[in-house]
Amino acid sequence: MAAKAGDDPASLMSLSTVFCLRNLRSTMCYQGFRNKLCLRSDIFLPSEICDKLVNTYMDLVHTDSNFEPEESFFQLFSDPRSTRLTRVQLREDFVRDRDLEAIRKQDLIELHLSYCNSLSSRSLKTLSCFRETLVSLCLFGCSHIYYRKGGAPLACNEDTEDEEDESPASRQALETDFNFQGFNRLRLLNLGGLPDEVDAETLLRPLKSLTSLDLSNVQLLATAFLTQWKDRLAFLVLYNVDLTEELVGTVVELVNLRHLDISRESRRTSKFKMTRKILTAIVQRLVNLVSLDISGHIMLDNCTVPHFEEAMGRPSIEPCKSSIYPFQELKRPLQFLGLYDTTLCTVTHIPAYKVTGSKNEDQVLNAIEAYTEFRPELAHRAINQLFDIARIQHCSQLLRALQLVIAALKSHKYDKSIQVTGSAALFYLTNTEYRSDQSVRLRREVIQVVLNGMEQYQEVTVQRNCCLTLCNFSIPEELEFQYSRVNQLLLKILEPARQDESIQRIAVHLCNALVCQVDNHHKEAVGKMGFVKTMLNLIQKKLQDRMCDQVMEFSWSALWNITDETPDNCQMFLNCRGMSLFLECLQEFPDKQELHRNMLGLLGNVAEVKALRPQLLTPQFITVFSNLLDSKADGIEVSYNACGVLSHIMFDGPEVWSMEEPRRDTVMDKMWDAIQSWDVTSRRNINYRSFEPILRLLPQGISPVSQHWATWALFNLVSVYPGKYCPLLIKEGGVSLLERVLELESSQPETRDMARKVMEQCETFKEDPMETNQGQEVNYGQRG
């Protein structure tokens with residue numbers, strides 16, 4: 001059997017790391033003075049484990065809402081005698097100056113900081129602690145790190161980790177005392193997003209041995225300084241840097257470049273025109289190039305061969321056949337060529353193994369992969385194109401597409417555009433067409449990022465996309481591992497202040513599905529979250545609007561499901577004016593059959609709770625239930641459920657019937673008449689998980705009509721759906737209770753006759769368990 005997409009198991013190292021991080025106090029730490037987290041004295045961890053702990057910790061902080069960050073986590077790595085860090089990746093505003101200061105004694109080789117806008121120039125001082133060992137440094141998007149907090153000068157205090165001032169750095173107090181003097185081992189440097197006030201040339205001048213430099217979105221006042229690395233620089237990124245003839249002239253002097261990125265976000269922001277002459281110069285002078293990105297540039301028409309020539313033959317990556325003239329001079333195909341948002345990506349013959357663009361699925365996926373980490377503005381557009389492919393065409397690289405979208409959503413949890421397009425793409429990538437190819441693990445990853453988006457954004461489009469995506473999963477089975485979290489998020493969506501009808505409708509549908517077919521402890525937990533009150537608030541609002549729509553019907557259906565065999569939730573329903581709303585809905589919507597069925601199913605659950613039945617035993621309610629016995633709405637369902645409610649009330653005996661009108665005998669006569677009128681072969685809009693509430697009405701003589709209703713219900717279900725209900729009845733001891741019915745003198749002849757038929761049906765089933773009736777119930781509610 002072939003493995004499904006994304007079915008590779010997590011490594012033991014990954015599982016162990018996550019377990020330790022979730023259980024620090026019971027694995028490697030103890031609670032010290034003032035509740036400070038301390039590393040146990042007998043723990044000594046090598047760099048492979050420490051790096052994994054720190055980097056996984058950051059992933060959990062950003063992607064798992066149930067994970068609780070530790071205030072003093074980075075202090076665990078303050079002493080290199082017990083913990084060794086070498087390669088650390090930190091990101092987002094969560095990282096503070098004192099976190100870096102905590103690890104300042106470590107001999108870091110790689111330090112990647114991305115979008116860490118809580119860092120100030122205090123962290124520049126900390127960087128100096130790593131100057132003798134650091135080989136790779138990324139400060140992408142950390143614009144505040146170049147500014148002092150409150151204008152204070154660069155500190156040199158060994159005890160700065162205890163400072164509590166974590167306010168953002170002031171953009172007016174530029175730090176001028178820092179440079180890279182002494183960073184002699186530094187080879188790879190990313191200064192993407194360097195503020196305009198910081199002079200890149202001055203900052204970089206001390207670095208003599210750089211082989212990789214990223215100056216994305218940096219304003220370069222001069223360009224000649226780049227030539228100081230012309231004999232060493234192999235990797236240069238000038239994304240969104242304004243190109244000039246001077247800059248291009250400088251770049252082509254860097255003859256050892258293997259990767260050159262001079263791309264832009266969009267052609268709309270570009271004043272520079274990429275000519276055939278410039279491209280030719282790049283190809284001719286930079287003979288070691290294996291990767292080139294010229295995305296977002298305006299291309300002049302003379303760059304490509306005529307259409308009638310280039311359309312000939314099968315697509316080829318051979319440079320000599322290139323549809324782009326300058327690339328015909330390449331010695332070998334490029335490993336990577338960025339042509340996103342250019343006209344060149346549409347040509348036939350492109351001499352590169354991996355191309356970004358918008359021509360086809362492969363180019364789009366390459367774009368998402370290449371641009372997600374540092375260019376969410378491009379990844380967002382590429383994911384939008386993937387959305388169109390999945391929606392209109394067919395996604396042939398499903399696993400890769402899902403993994404890339406999941407990675408983008410995780411990396412840019414706070415980027416609204418990524419969350420909108422990513423959640424929309426997930427909806428189409430997880431629908432029925434692709435479902436059979438996806439593993440449980442992969443689908444769980446999708447659910448996690450969808451819930452992350454719902455938590456982070458209350459914006460209508462994100463919420464709608466996320467809710468729709470959840471509808472693609474088997475509910476509640478596939479959502480059970482996040483059961484509490486998803487219910488809390490849905491209930492938050494359904495708060496009264498939210499007015500978007502489409503989201504309301506989807507969220508109520510999901511709520512209903514989540515409380516159907518789950519264990520009672522799940523229902524009780526959700527009830528305590530405010531589920532019952534939220535549904536009743538929605539019903540109240542619909543009543544005010546005099547509107548009976550899907551939200552109204554789903555809300556009653558959800559209440560029917562969540563009150564099944566859960567007395568606490570039934571009590572909440574009564575406490576929150578549920579019966580008043582029931583009466584108002586009956587009066588306002590007398591012809592809404594499905595609504596009536598859902599409401600009566602719910603009240604059947606309430607009536608099963610002996611302690612709550614006295615609250616139903618009023619002239620007003622009994623009259624309503626009695627009148628509904630005559631209802632023909634939804635086949636027999638409304639009449640059946642009304643009779644079920646009354647059957648449980650009658651079971652408490654005549655002594656509790658304190659009202660003069662309606663009389664108990666009169667109501668019982670109406671119940672007999674209603675039962676006699678039902679077709680015993682009726683197919684049912686109900687789904688019983690247990691017969692226990694029905695079975696308790698069998699061995700008694702207090703209310704023969706209740707006994708008859710219970711016997712009729714069993715006969716109907718085992719006759720129409722023998723494969724499901726005969727085993728259930730046998731398992732729950734129903735046959736012996738039916739024998740008691742035959743023995744009781746109080747049992748009516750027609751009740752005895754029906755009891756025999758139920759027993760015969762079960763006996764027949766035991767002899768021939770193959771179900772002969774293929775009818776299936778419609779699963780509107782769990783039990784009535």
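The lining of the second largest pocket splits by class into 12 nonpolar, six polar and seven charged residues. Keep in mind that this is a predicted model. I'll stay with that pocket for a moment. Its volume is about 580 Å³. In total, 25 residues line the second largest pocket, and those closest to its centre are Asp214, Phe235, Val237, Glu373 and Phe374. Which elements each supply at least two residues of the lining? Five strands and a helix: E5 (136-138), E6 (188-190), E7 (212-214), E8 (235-237) and E9 (259-261), plus helix H10 (361-371). Hold on to H10 and E9. Both come back later.

Now the largest pocket. About 1600 Å³ of space lies there. It has 41 lining residues, and Asp59, Leu60, Thr63, Lys410 and Glu445 are the closest to its centre. By class, the lining of the largest pocket has 14 nonpolar, 14 polar and 13 charged residues. Helices H1 (12-22), H3 (47-63), H12 (398-411) and H15 (440-456) each supply at least two of the lining residues. So do strands E3 (87-91) and E4 (110-114).

Next, charges. Side chains of opposite charge can pair when their charged atoms come close. How many salt bridges does the structure hold? The count is 38.

Start with aspartate 99 and arginine 96. Their side chains meet in a salt bridge, N to O, at 3.2 Å. Buried or exposed? Aspartate 99 has 3% relative accessibility, so it counts as buried. Arginine 96 counts as buried too, at 14%, because the cut-off for buried is under 20%. This pair also belongs to a network of salt bridges that links Glu71, Arg96, Arg98 and Asp99.

Second, glutamate 201 and arginine 205. They form a salt bridge with the closest N and O atoms 3.9 Å apart. Glutamate 201 is partly exposed, at 27% relative accessibility. Arginine 205 is partly exposed as well, at 42%.

Third, arginine 546 and glutamate 588. Here the N to O distance of the salt bridge is 2.9 Å. Arginine 546 sits in the loop between helix H20 (531-544) and helix H21 (550-562), while glutamate 588 is in helix H23 (residues 578-588), so this pair ties together parts that are 42 residues apart in sequence. Arginine 546 is exposed, at 62% relative accessibility. Glutamate 588 is partly exposed, with a relative accessible area of 30%.

On to helix H8, residues 276-285. Which of its residues are buried? Ile278, Leu279, Thr280, Ile282 and Val283 are. What covers them? The cover includes helix H7 (245-251), E9, strand E10 (273-274) and strand E11 (291-293). That is the E9 that also supplies lining to the second largest pocket.

Last, asparagine 366. You will find it in helix H10, and H10 supplies lining to the second largest pocket. At 3% relative accessibility, asparagine 366 counts as buried. What does asparagine 366 touch, leaving out residues up to four places away in sequence? Lys354, Val355, Thr356 and Arg400. With valine 355 there is more detail: its backbone oxygen lies 2.9 Å from a polar atom of the asparagine 366 side chain. Leucine 404 is 38 residues from asparagine 366 in sequence, yet their C-alpha atoms are 9.5 Å apart in space.

That's the tour. Questions welcome.

Notes:
Residues are numbered from 1 along each chain as its sequence is written. This is a predicted model: local features need pLDDT of at least 70, side-chain atom pairs count only at pLDDT 80 or more; totals for chains, interfaces and linings use all residues. Side-chain values use heavy atoms; hydrogens and water are left out. On a 1 Å grid over the protein atoms alone, a cavity is a set of points where a 1.4 Å probe fits but cannot get out, and a pocket is an open set with protein on both sides within 12 Å along at least five of seven lines; lining residues have an atom within 4 Å of a point. Grid points are joined across faces, edges and corners, and a volume is the space filled by probe spheres set on the points. Helices (H or I, at least four residues) and strands (E, at least two) are DSSP runs, numbered from the N terminus. Ala, Val, Leu, Ile, Met, Phe, Trp, Tyr, Cys and Pro count as nonpolar, Asp, Glu, Lys and Arg as charged, and the others, Gly among them, as polar. A salt bridge is a side-chain nitrogen of Lys or Arg within 4 Å of a carboxyl oxygen of Asp or Glu. Buried means under 20% relative accessible area, exposed over 50%, partly exposed in between (1.4 Å probe, protein chains only). Contact means heavy atoms within 4.5 Å. A polar contact is a pair of N or O atoms within 3.5 Å; within protein, one must be able to donate a hydrogen and the other to accept it, and residues adjacent in sequence count only if both atoms are side-chain atoms.
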